Structure formats: structure tokens, C-alpha cells
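I opened my notebook today to look at one helix and a few charged pairs. Come along and check each entry against the picture.

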Amino acid sequence: MNKFVGGLVSPLMLALLGGLLALLLVWRGWRRAGMVLALLALGGLWLASTPWLAWTLAMSLETRYPPVPAQASPVADVVLVLGGALGAPRPPAQPHLGFGAAADRVWHAAALYRAGKARWVVLSGGSPPGSENVAPEAEAMAEVLRALGVPASAMRLEGRSRNTLENALLSLALVRQVGARRVLLVTSALHMPRALAVFQAVFAGSGVTVVPAATDAEALGDEPELRTAWLPDARSLEWSSRSVKEYLGLAQVWMATN
């Protein structure tokens with residue numbers, strides 16, 4: 001979904017907007033309504049910042065397509081890896097690749113290739129919005145995959161996409177180019193339900209089957225401790241925000257296809 005819209009409906013932004021509206025209500029003389037709205041905004045922000053809610057929201061997404069080892073994955077024609085894992089160099093201040101929290105995607109793609117699960121690897125990821133002078137992420141992923149033993153001749157790069165929908169739209173031509181009929185879609189477990197829904201909608205009628213190959217699980221096997229489950233922290237707020245974004249994206253796909 002649109003990153004700007006996603007930011008507007010994040011728990012933090014909703015709490016800030018609710019707080020500002022509460023101040024406006026108090027200033028206009030509606031003190032009780034303003035106080036109630038302020039408490040709701042603060043309470044919502046606290047709840048979204050708790051490890052319990054962050055874990056619960058993430059689990060509801062990650063359990064749909066849990067990761068499996070590369071050796072246990074099905075055979076396909078293409079391993080298709082989505083961007084959002086690496087940052088391209090930005091010389092001179094940042095001359096090296098940046099490995100993000102989702103870098104597991106690239107590692108898992110290499111493992112799938114080395115396990116003989118597909119002949120081709122398609123890398124889909126462009127430059128961040130506003131950074132068109134920076135090399136596409138697909139090139140950064142290709143550099144890492146070469147170091148992990150994937151030959152350049154097996155890779156096809158799509159370096160123009162900026163979101164999941166564009167990943168699907170722009171990758172389809174490369175998938176068709178290599179004659180693939182079955183694709184292993186590699187992305188984070190949290191992102192997989194939305195990504196799979198988008199790819200299945202875009203690839204519908206193409207004769208290409210998309211199979212989930214999730215990685216980068218955060219919630220699975222990591223239940224929060226009872227003594228800290230209700231203590232808010234910044235990581236949990238960020239985690240909840242990403243889950244909310246995924247649910248909003250799923251709703252967007254559902255409305256577009258129904």
C-alpha cells in the first residue's frame with residue numbers, strides 16, 4: 001500500500017492526531033469530550049506499544065505461511081525475492097551495503113538455489129523514493145547472492161519497483177522471459193500474506209503459480225515474557241505499526257479484487 005497513507009494510519013500518527021484533536025476540543029470548550037479523546041489516544045498508543053499486542057498481531061500474520069527449511073521447500077522454476085532487505089551503498093558517506101532486519105530474504109533465496117529448488121532467481125527491488133540516484137536494491141541483492149554462490153547467469157534483476165504491487169507487475173515479464181510456470185515467492189513471514197495476495201492477483205491468468213517461501217519470522221517461537229508483556233517499548237510500537245500496515249494492505253487487495 002502507499003507508504004504515505006500507511007504512515008498516516010500508523011498507531012503513533014493516530015495517537016498524535018487524536019491528541020491534537022483533543023486539545024482542540026478542550027480549547028473550544030468541550031472539555032469532557034477532549035479529555036475522553038485524549039485518554040483514548042494515550043491508551044491506544046500504550047496498547048500498541050506493548051509486546052503482547054505486537055506479538056499477537058504479528059503471530060496472526062506469520063502463522064498463515066510459516067517458514068520451512070530450504071531442503072523441505074517445493075521445487076519451482078524461479079525463486080523471486082522481494083526488496084526491503086538491503087540498502088545500496090551511498091558513497092562517500094556510506095560506501096558499503098546496508099543489511100536491514102529483513103536480510104534473511106537474500107540468505108534464504110541463496111539457500112533455495114543451492115538446494116536445487118529453482119534454476120532462476122529473480123530479484124525485485126528499486127531505489128527508495130526520493131533516492132533515484134542510488135543504485136536499485138536488486139543490484140545490492142545480486143552482489144550478496146554472488147558472494148553466496150549464486151552465479152550471475154542465473155539471476156534476473158528488476159530494479160524499478162518501489163512497492164509490493166510494482167514488484168509483482170514488473171517481475172511478471174521476467175518470469176515469463178525465462179519460461180517459468182511455478183515461482184517460489186521469498187519475503188518476510190509478516191509480509192507474506194499481503195505479498196502473496198498481490199502476486200496472485202497480478203499473476204492471475206498468466207499460467208504462473210506463486211508458492212510462498214517465507215523467511216524472517218519474528219513472532220513465531222518468540223512469545224513475550226509475562227512480566228514484560230504489558231510494558232511499552234519502541235520496538236513493539238514499530239512492530240505493531242508494521243502489522244497494521246499489512247492488514248490495511250490486505251484489505252486494499254481484497255477491495256480491489258472483489
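Predicted model: local features only at pLDDT ≥ 70, side-chain atom pairs only at ≥ 80, totals over all residues.

**Entry 1: the length of α2.** I looked up helix α2, residues 11–27. At 1.5 Å a residue, its 17 residues should span 24 Å, and the end C-alpha atoms are 24 Å apart, which agrees. After α2 comes Gly29, whose phi is positive, near 100 degrees.

Entry 2: Which residues of α2 are buried? I found Pro11, Ala15, Gly18, Ala22 and Leu25. They cover an arc of only 85 degrees around the axis, so they sit on the same side of α2. Their cover includes α3 (31–48) and α9 (234–257). On the face turned away from that buried side, I noted the exposed residues Leu20, Leu23 and Trp27.

**Entry 3: a surface patch.** Leu14, Leu17, Leu20 and Leu23 form a nonpolar patch on the surface, with about 410 Å² of accessible area together. Leu14 belongs to helix α2 and is partly exposed, at 47% relative accessible area.

**Entry 4: salt bridges.** I counted 5 salt bridges. In one of them, Glu246 pairs with Arg194, with the closest N and O atoms 2.8 Å apart. This pair links distant parts of the chain, from helix α9 to helix α8, 52 residues apart. Is Glu246 buried or exposed? Glu246 counts as buried because its relative accessibility is 7%, and buried means under 20%. Arg194 is buried too, at 5%.

Entry 5: Glu218, Glu238 and Arg242 are linked in a network of salt bridges. Glu238 and Arg242 both lie in α9, 4 residues apart, about one turn of the helix.

Note on methods. Residues numbered from 1 in each chain as written. Heavy atoms only, no water. Helix = DSSP H or I, 4+ residues; strand = E, 2+ residues; numbered from the N terminus. Expected span 1.5 Å × (residues − 1). Buried < 20%, exposed > 50% of the residue type's maximum accessible area, 1.4 Å probe, protein only. Arc of directions from axis to C-beta. Contact = heavy atoms within 4.5 Å. Patch = residues over 30% accessible without salt bridge, like charges linked within 9 Å, V, L, I, M, F, W, Y side chains within 5 Å. Areas by Shrake-Rupley, 256 points an atom, 1.4 Å probe, with all protein chains shown as cover. Salt bridge = Lys/Arg side-chain N within 4 Å of Asp/Glu carboxyl O.
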